[in-house]
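Biologist: I would like to learn how the words we use for a protein model are tied to values. Could you take me through one, setting each value against its definition?

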Amino acid sequence: MRKPIPIIGAIAAALAATLVVPASAGPNCSTGYHCGWDIGFDTGKISFFNSDQDFRDNKFNTGVVADNNIKTVSNSTSTDYVSFWYREVNYVGFLFCVNPNSSVQNLPDDGVPGNGIGLGNEASSMWLIPGGTYPGCY
Ligand SMILES: [Ca+2]
Ligand SMILES: [Ca+2]
């Protein structure tokens, strides 16, 4: 009877993970950036490198304004920044937060953008705070 060789298996798995997935990267978002989408992970993308206190002057790559229009978020920080998303400009009205190397797709949404109900299609600013991961964030 052959004995299993768990150490080689573990090394192979770790190596494969290292080769396939960058150390800290959310889905479809370049390392160091915090990304948002209009729909899913592929329609209407915007990438933030720093905090942004007002989305009214930010647009997706489709040209659509990002304010009150982000439904999906991915965190690809290269360090330990957690993204905190707010209902209003200037970081007022906390909505949700996303930990390093994490994401959330199609946030709960009542179908009416910017009416203060739901999490999707509500964000108007995003603040990056170091020291993650934080409990209670996606
Ligand atoms: Ca802005
Ligand atoms: Ca809403």
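Modeller: Let us begin with the word "buried", which is used for a residue whose relative accessible area is under 20%, whereas exposed means over 50% and partly exposed lies in between. Please keep in mind throughout that this is a predicted model.

Biologist: Why is Phe96 called buried?

Modeller: The relative accessibility of Phe96 is 4%, and the cut-off for buried is under 20%, so Phe96 counts as buried. Trp85 is judged in the same way, since its relative accessibility is 0%, and Trp85 therefore counts as buried too.

Biologist: What makes Trp85 and Phe96 an aromatic pair, and is that pair stacked or edge-to-face?

Modeller: Rings pair if their centres lie within 6.5 Å, and planes under 30 degrees apart count as stacked. The structure holds twelve aromatic pairs. In the pair of Trp85 and Phe96 the centres are 6.0 Å apart and the planes make an angle of 10°, and the pair is stacked. Trp85 belongs to strand 4 and Phe96 to strand 5, so this pair ties together parts that are eleven residues apart in sequence.

Biologist: Which kind of pair do Trp37 and Phe41 form?

Modeller: Among the twelve aromatic pairs, that of Trp37 and Phe41 has 5.2 Å from centre to centre and 80° between the planes, and it is edge-to-face, a word kept for planes over 60 degrees apart. Trp37 and Phe41 are both buried. There is also one aromatic cluster, formed by Phe84, Tyr86, Tyr91, Phe94, Trp127 and Tyr134.

Biologist: How many disulfides does a search of the whole structure find, and why is the one between Cys97 and Cys137 called left-handed?

Modeller: The search finds two disulfides. Cys97 is joined to Cys137 with an S to S distance of 2.0 Å, and the torsion about this S-S bond is about -90°, so the disulfide is left-handed. This pair links distant parts of the chain, with Cys97 in strand 5 and Cys137 in the segment after strand 7, 40 residues apart. Cys97, at a relative accessible area of 5%, is buried, and Cys137, at 15% relative accessibility, counts as buried. When bonded cysteines are counted along the chain, the disulfides follow the pattern 1-2, 3-4.

Biologist: What joins strand 1 to strand 2, and how do these strands run?

Modeller: Two strands pair if there are at least two bridges between them, and here five bridges join strand 1 (residues 34–39) to strand 2 (residues 43–48), which run antiparallel. One of the residues concerned is Cys35, whose bridge partner in strand 2 is Ser47. The hairpin of these two strands has three residues between the strands, and Gly40 takes a positive phi near 55° there.

Biologist: Which protein atoms are the donors of the calcium ion (ligand 2)?

Modeller: The donors are Asp110 (OD), Val112 (O), Asn115 (OD1), Ile117 (O) and Glu122 (OE), lying 2.2 to 2.5 Å from the ion, and the cut-off for a donor of Ca is 3.2 Å. In sequence these donor residues are spaced D-x1-V-x2-N-x1-I-x4-E. Val112, with a relative accessible area of 41%, is partly exposed.

Biologist: Why does Glu88 count as partly exposed, and where does Glu88 lie?

Modeller: Glu88 lies in strand 4 (residues 82–88). Its relative accessibility is 43%, so Glu88 counts as partly exposed, since that word covers values between the limits of 20% and 50%. Neighbours within four places in sequence aside, Glu88 is in contact with Ser124 and Ser125. From C-alpha to C-alpha, Glu88 and Ala123 are 6.8 Å apart in space, although 35 residues apart in sequence.

Biologist: What elements does the chain have as a whole?

Modeller: The chain has one helix and seven strands, and from the N terminus on they run α-β-β-β-β-β-β-β. Of its 138 residues, 40% count as buried.

Terms used. Residues numbered from 1 in each chain as written. Chains lettered and ligands numbered in written order. Predicted model: local features only at pLDDT ≥ 70, side-chain atom pairs only at ≥ 80, totals over all residues. Heavy atoms only, no water. Helix = DSSP H or I, 4+ residues; strand = E, 2+ residues; numbered from the N terminus. Buried < 20%, exposed > 50% of the residue type's maximum accessible area, 1.4 Å probe, protein only. Contact = heavy atoms within 4.5 Å. Disulfide = S-S within 2.5 Å. Donors = N, O, S within 2.8 Å, 3.2 Å for Na, K, Ca; no water.
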